[in-house]
Protein chains: 2
Amino acid sequence: MNHQATGEVLSLSIEDAGDGLSPEVFRDLFRNHPAGVAIITADDGSGPVALTASSVSSVSAEPPLLMFSLSDQSSASSVIRESETLVVHLLGVGELPLARLGSTSGVDRFASSTEWTRLPSGEPLFHSAKAWIRARIIHSVTAGTSTIVIVHALESGANGGHEHDRDGRPLVYHNRTWHALSDRSLAE
Amino acid sequence: MNHQATGEVLSLSIEDAGDGLSPEVFRDLFRNHPAGVAIITADDGSGPVALTASSVSSVSAEPPLLMFSLSDQSSASSVIRESETLVVHLLGVGELPLARLGSTSGVDRFASSTEWTRLPSGEPLFHSAKAWIRARIIHSVTAGTSTIVIVHALESGANGGHEHDRDGRPLVYHNRTWHALSDRSLAE
């Protein structure tokens with residue numbers, strides 16, 4: 001079946017849901033799958049929110065689309081899901097403090113007013129991210145305990161970051177620790 | 001709007017599609033976003049196919065769901081999209097030859113009969129992958145030039161891999177090169 005959809009939420013149902021892997025085995029498998037790190041910000045009118053995500057991936061370059069998933073257990077998730085637009089910040093190792101901030105619960109992620117500003121269109125923007133993308137939500141899929149969000153990239157920028165040379169190295173999350181890619185980590 | 005869906009394909013439309021980032025800028029941004037590496041295999045009855053994907057991400061542990069995107073330009077993509085079930089192999093640096101095999105076009109990825117077998121349920125399985133997940137497609141979203149596939153993890157296994165000690169290190173793709181995580185790449 002094919003049909004068109006714009007900006008709507010789809011809820012998935014699963015046949016034979018009892019057949020699947022146990023949550024413990026599943027978590028163990030993906031704990032060992034490395035991922036790049038992003039912090040996503042939005043404001044649906046109720047105040048700025050931010051969370052760290054390791055699920056951001058490009059989908060299509062033309063039109064420019066990306067996706068990520070949000071756990072329904074995160075308090076920031078519902079604000080992001082309800083926002084029309086958001087900002088995805090792609091993080092280097094210089095932004096490790098920002099990655100930690102967005103992954104620690106119970107912390108005011110906007111306490112330091114010098115760390116962030118707002119874009120002219122209103123979305124919260126952290127100064128230190130090496131690159132950011134402002135995007136509009138075009139579709140969401142509720143899948144198990146998470147929501148997959150597909151967004152259209154509208155504009156982007158680079159913030160320059162800090163002035164020490166660690167910043168250019170990409171940040172990777174793996175097995176609850178943080179890694180930095182460099183010439184020393186090359187596999188070939 | 002909410003509605004239920006199982007195993008169907010959704011095609012997204014985009015409002016103001018002309019507003020987005022250029023494909024060049026978009027590709028530059030994501031070239032610098034690192035990702036774990038997987039090889040996905042399937043057989044829809046027309047013979048085995050395999051492709052390397054850097055978009056595999058967990059979505060939900062209970063039920064166990066994961067997602068990835070497939071470029072419509074890949075010949076293997078349409079076979080995977082049409083398959084009921086598939087295998088996602090999560091790769092370590094010891095499987096770099098397998099990652100290269102699945103990302104090189106015009107190569108017979110099943111030429112070496114000693115490299116792969118079939119699961120009892122029929123899906124192609126590469127022996128060397130450090131971990132694999134057999135999964136059923138529950139939903140697909142056509143988004144731009146790609147398809148986002150959401151799958152339900154049914155069973156998993158570990159293949160032991162080769163016997164040299166590089167194997168345990170996770171493989172990361174970044175800026176058209178391959179990296180290996182280890183104690184030396186720790187960011188803290």
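1. A residue is called buried here if 20 or more other C-beta atoms lie within 10 Å of its own, exposed if 12 or fewer do, and partly exposed in between, with C-beta atoms placed from the backbone. Helices (H or I, at least four residues) and strands (E, at least two) are DSSP runs, numbered from the N terminus. The model is a predicted one, in which local features need pLDDT of at least 70, side-chain atom pairs count only at pLDDT 80 or more, and totals for chains, interfaces and linings use all residues. Residues are numbered from 1 along each chain as its sequence is written, while chains are lettered from A and ligands numbered from 1 in the order in which they are written.

2. By these criteria, strand β11 of chain B (residues 131-143) is mostly covered, with 10 of its 13 residues buried. Strands are taken as paired if DSSP finds at least two bridges between them; β11(B) runs antiparallel to β8(B), to which six bridges join it, and antiparallel to β12(B), with 11 bridges. Ile133(B) in β11(B) is the bridge partner of Val88(B), and Thr142(B) stands opposite Thr147(B) of β12(B). The hairpin of β11(B) and β12(B) has two residues between the strands, and in this hairpin Gly144(B) takes a positive phi near 60 degrees.

3. In α1(B) (residues 23-31) the buried residues are Phe26(B), Leu29(B) and Phe30(B). They cover an arc of only 90 degrees around the axis, which puts them on the same side of α1(B); the arc is that of the directions from the helix axis to the C-beta atoms. With contact defined as C-beta atoms, placed from the backbone, lying within 7 Å, the buried residues of α1(B) pack against β6, β7, β8, β11 and β12 of chain A. The buried residues of α2(B) (residues 75-82), namely Ala76(B), Ser77(B), Val79(B) and Ile80(B), pack against β4, β5, β7, β8 and β12 of chain B.

4. On symmetry, chain B can be laid on chain A with an RMSD of 0.0 Å by a turn of 180 degrees and a shift of 0.0 Å along the axis, the copies being superposed by least squares on the C-alpha atoms of residues with pLDDT of at least 70 in both. That is the relation of a two-fold axis. In chain B, the C-alpha nearest this axis belongs to Ala35(B), 2.3 Å from it.

5. Pro170(A), in the loop between β12 and β13 of chain A, is buried, with 24 other C-beta atoms within 10 Å. Not counting residues up to four places away in sequence, Pro170(A) touches Gly36(A), Gly92(A), Leu181(A), Asn32(B), Pro34(B) and His174(B).

Definitions and conventions. Two residues are in contact if their C-beta atoms, placed from the backbone, lie within 7 Å.
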